[in-house]
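Please find below a short note on the structure, arranged as numbered points.

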Amino acid sequence: MGIGGAARLGLALATAAGVFLAGLDLTGSPPPAAAGEVVIPVAANGANGTATGLAVPRFVSLKSDKVNVRRGPSTDQAIVWVFSRAGLPVEVIAEFENWRRVRDSEGADGWVYHSLLSGRRTVLISPWSKGQESQVSIPLHESGSAGSGVVAQLRPGVIGDVIRCDGKWCKLSVGSYTGYVQQDRLWGVYRDEKVE
């Protein structure tokens with residue numbers, strides 16, 4: 001789709017297996033959709049979602065061990081992959097009716113039916129260090145201080161349940177352990193985000 005003039009702005013919504021285009025004409029009328037193209041209104045970052053009124057983007061988690069991720073917001077759309085880990089944190093980046101466009105820790109995104117998602121907050125421990133487990137472990141501290149005792153060493157990719165975050169440290173439950181991890185070592189909470 002070409003961009004005709006300075007008055008028209010094209011917003012590309014990349015997915016794992018295709019590209020959907022949503023157009024915005026600054027003169028007030030959207031450009032015509034090409035045949036077979038899905039046009040989805042998208043809330044600006046920090047705005048509320050059109051379906052739920054909740055903030056977009058936001059983190060949620062998967063309810064099930066099997067969650068189909070589709071190319072578009074419909075059961076008619078192809079399944080591009082399947083999540084197979086309940087509790088995995090994902091980021092909601094768009095909403096369309098009963099569908100949520102989610103992104104995982106590796107940056108892949110696609111559409112998931114809303115009932116397969118939970119508001120329960122979870123985090124992945126340092127997923128960007130995955131594959132380096134023998135060299136990297138993340139300490140689970142007794143309190144929110146780097147000088148406090150270490151309860152356990154966590155491997156990258158481990159899932160923890162968020163109890164609370166103060167913007168610098170998150171108190172987590174990981175298996176039978178409870179303790180604190182520096183917030184910047186986690187994927188599933190935003191930098192400086194407070195979670196109660």
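**Aromatic contacts and one serine**

1. At 15% relative accessibility, W187 counts as buried (under 20% relative accessible area; exposed is over 50% and partly exposed in between, with a 1.4 Å probe and protein chains only). F59 is likewise buried, at 8%, whereas Y190, at 27%, is partly exposed.

2. The model is predicted: local features need pLDDT of at least 70 and side-chain atom pairs pLDDT 80 or more, while totals for chains, interfaces and linings use all residues. Residues are numbered from 1 along each chain as its sequence is written, and side-chain values use heavy atoms, without hydrogens and water.

3. The whole structure holds 4 aromatic pairs (ring centres of Phe, Tyr or Trp, the last by its six-membered ring, within 6.5 Å; planes under 30 degrees apart are stacked, over 60 edge-to-face, the rest tilted). One of them is the edge-to-face pair of F59 and W187, with 4.9 Å between centres and 85° between planes. F59 belongs to strand β5 (residues 58-62) and W187 to strand β18 (residues 186-187), 128 residues apart (strands are DSSP runs of E, at least two residues, numbered from the N terminus).

4. F59 also pairs with Y190: the centres are 4.5 Å apart and the planes at 45°, so this pair is tilted. Y190 lies in the loop between β18 and β19 (194-195), 131 residues from F59.

5. S129 sits in the loop between β12 (122-125) and β13 (138-141) and is buried, at 7%. Its side chain makes a polar contact with that of S126, at 2.9 Å (N or O atoms within 3.5 Å, one able to donate a hydrogen and the other to accept it; residues adjacent in sequence count only if both atoms are side-chain atoms). Beyond neighbours within four places in sequence, S129 is in contact (heavy atoms within 4.5 Å) with V136 and P156.

Conventions:
Helices (H or I, at least four residues) and strands (E, at least two) are DSSP runs, numbered from the N terminus.
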